[in-house]
Amino acid sequence: MLYDNALLVIVLCEAFQATGRQLYRTAIEETIAFVARDLSNGEGGFYSALDADSEGIEGKYYAWERKEIEEVLGDAAELFCEIYGVTVDGNWEEKNILTRKERPLTGQEKALLEDAKKKLPRPPRRKDPASPRRQDPPLAGTR
């Protein structure tokens, strides 16, 4: 939701100021980019939320099975799953919501993960026509 992301940025800014950890700065940048890309209506306003229910399945765009990731990423899947906490059993309703584990990454690991993230299908982005897609995008709330 829009207000959750606004509050999240404030908390992340305070955490970054207190610790100097780059992970918080990256999370700030990614959160702001998400709001600008996915919650902006393109006319100066913002949508209040995205519906997590897609194709009749709660969380379809945000939850992953390990086998989906392995099929798309191949050799890079093992590192990706380690860094984002992906398991066979899942961490939410037998699927996985990606959660970034804090541990230092080598330059090679960073490059591998950036490449891997580009390969995974994700919800359609109004301003990213070249990204891989899943069908039936989440709906934007206008309340």
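Modeller: Happy to! Leaving out residues up to four places away in sequence, Asn 5 is in contact with Thr 31, Phe 34, Val 35 and Leu 39. Please keep in mind that this is a predicted model. Asn 5 itself sits in helix H1, and that helix, residues 2-19, has the highest confidence in the chain, with a mean pLDDT of 97. Is Asn 5 buried or exposed? Its relative accessibility is 13%, so Asn 5 counts as buried, the limit being under 20%.

Let's turn to Tyr 47, found in the loop that runs between helix H2 (22-39) and strand E1 (49-50). With a relative accessibility of 21%, Tyr 47 is classed as partly exposed. Although 46 residues separate Tyr 47 from Met 1 in sequence, their C-alpha atoms are 8.5 Å apart in space.

From here we can go on to the largest pocket. H1, H2, E1 and helix H5 (107-119) each contribute at least two residues to its lining. H2 gives the most, with twelve residues. The lining has 42 residues in total, and Glu 30, Tyr 84, Leu 98, Arg 100 and Lys 117 are the ones that lie nearest the centre of the pocket. By type, the lining residues divide into 25 nonpolar, 13 charged and four polar. The volume of this largest pocket comes to about 1900 Å³.

Cys 81 is buried, at 3% relative accessible area, whereas Cys 13 is partly exposed, at 30%. As for disulfides, the count is zero, taking a pair of cysteine sulfur atoms within 2.5 Å as the criterion.

Finally, how far can you trust what you see? The mean pLDDT of the chain is 85, and 85% of the residues reach at least 70. Confidence is lowest in strand E6 (residues 140-141), at a mean of 58. Over residues 124-136 the pLDDT stays under 50, and the model has 38 contacts beyond four places in sequence for that stretch. Where pLDDT is low, predicted coordinates should not be read in detail.

Notes: Residues numbered from 1 in each chain as written. Predicted model: local features only at pLDDT ≥ 70, side-chain atom pairs only at ≥ 80, totals over all residues. Heavy atoms only, no water. pLDDT = per-residue confidence, 0-100. Helix = DSSP H or I, 4+ residues; strand = E, 2+ residues; numbered from the N terminus. Contact = heavy atoms within 4.5 Å. Buried < 20%, exposed > 50% of the residue type's maximum accessible area, 1.4 Å probe, protein only. 1 Å grid on protein atoms, 1.4 Å probe; cavity = no way out; pocket = protein on both sides within 12 Å on 5 of 7 lines; lining within 4 Å. Points joined across faces, edges and corners; volume = space filled by probe spheres on them. Nonpolar A, V, L, I, M, F, W, Y, C, P; charged D, E, K, R; others polar.
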